[in-house]
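Here is a short briefing on one protein chain. Keep the sequence and the 3D view open while you read.

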Amino acid sequence: MVSLPNHRPKQLSLGPLEAEILQIIWDLGSVTVKDVHDRILADPDRELAYTSVTTVLNRLTKKGWLACDKQNRSFSWRPLLSKGEAKALQAYEQLNQFLAVGNPDVVAAFADSLDQASVEQLEAIAQKLQAARQAREGKSCT
């Protein structure tokens with residue numbers, strides 16, 4: 001199970017090209033602009049300027065998804081979050097948005113539409129939440 005990361009990007013939303021390039025970086029690890037550009041152009045139906053890749057890498061760095069390392073006169077980028085951490089963080093944000101609705105009727109309608117596997121997942125989550133709460137209460141009493 002992946003936990004929520006300590007590092008959180010400044011901006012979670014990603015455009016389609018940003019998401020594609022981030023996926024390439026997760027696949028390759030540390031990359032240069034050329035690595036990403038070559039991977040995208042491996043598809044004969046794609047066209048993308050080298051400078052566009054640089055722009056997107058810099059944008060992902062500013063958003064807090066990547067770190068940029070300078071080695072001599074070249075730059076390389078690496079992810080600050082694993083793919084699993086990113087999914088956990090996005091799920092956490094979506095759950096918070098859902099709960100922010102605050103309308104019990106909406107939550108009840110959602111619960112009524114769940115299949116058995118989803119109900120079992122929610123029950124497992126509820127058990128973990130209860131165990132975490134009990135552990136937290138046990139620590140505060142000492």
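**Briefing: a buried charge and its surroundings**

Glu18 has a relative accessibility of 4%, so it counts as buried. The model is predicted. Glu18 sits in helix H1, which spans residues 16–28. Its side chain forms a salt bridge with Lys63, at 2.9 Å from N to O. Glu18 lies in helix H1 and Lys63 in helix H3, so this pair ties together parts that are 45 residues apart in sequence.

- Lys63 belongs to helix H3, residues 50–63.
- Lys63 counts as buried because its relative accessibility is 11%, under the 20% cut-off.
- Beyond its neighbours within four places in sequence, Glu18 is in contact with Ser13, Val56, Arg59, Leu60 and Lys63.
- With the neighbours within four places again set aside, Lys63 is in contact with Pro9, Lys10, Gln11, Ser13, Leu14 and Glu18.
- Ser13 is on the contact list of Glu18, and Ser13 is also on that of Lys63.

**Other salt bridges**

- The count of salt bridges comes to 6.
- Glu20 pairs with Arg46 in one of them, with the closest N and O atoms 2.6 Å apart.
- Glu20 lies in helix H1 and Arg46 in the loop between helix H2 (33–41) and H3, so this pair links parts that are 26 residues apart in sequence.
- Glu20 is partly exposed, with a relative accessible area of 28%.
- Arg46 also counts as partly exposed, at 26% relative accessibility.
- Lys34 and Asp38 form another salt bridge, at 2.6 Å from N to O.
- Lys34 and Asp38 both lie in helix H2, 4 residues apart, which is about one turn of the helix.
- Lys34 is partly exposed, with a relative accessible area of 47%.
- Asp38 is partly exposed as well, at 39% relative accessibility.
- Salt bridges with shared partners join Glu18, Arg59 and Lys63 into one network.

**Nonpolar surface patch**

- Phe110, Leu122, Ile125 and Leu129 make up a nonpolar patch on the surface.
- Together these four residues have about 360 Å² of accessible area.
- Helix H6, residues 116–140, gives the most to the patch, with 3 residues.
- Leu129 is a patch member that lies in helix H6.

**Overall fold and shape**

- The protein has 6 helices and 2 strands.
- From the N terminus on, the order of elements is α-α-α-β-β-α-α-α.
- The radius of gyration is 20 Å, well over the 14 Å that the globule rule gives for 142 residues, so the protein is more spread out than a compact globule.
- Along the principal axes, the C-alpha atoms fill a box of roughly 55 × 40 × 25 Å.
- Of the contacts with a separation of 6 or more, 56% are between residues 24 or more positions apart.
- The protein exposes about 9,900 Å², and carbon and sulfur atoms supply 53% of that area.

Technical notes. Residues are numbered from 1 along each chain as its sequence is written. This is a predicted model: local features need pLDDT of at least 70, side-chain atom pairs count only at pLDDT 80 or more; totals for chains, interfaces and linings use all residues. Side-chain values use heavy atoms; hydrogens and water are left out. Patches are made of residues with over 30% relative accessible area and no salt bridge: like charges are joined within 9 Å, nonpolar side chains (Val, Leu, Ile, Met, Phe, Trp, Tyr) within 5 Å. Accessible areas come from the Shrake-Rupley method with a 1.4 Å probe; for residues, only the protein chains shown count as cover. The radius of gyration is taken over C-alpha atoms; the globule rule is 2.2 Å times the number of residues to the power 0.38. Contact means heavy atoms within 4.5 Å. Buried means under 20% relative accessible area, exposed over 50%, partly exposed in between (1.4 Å probe, protein chains only).
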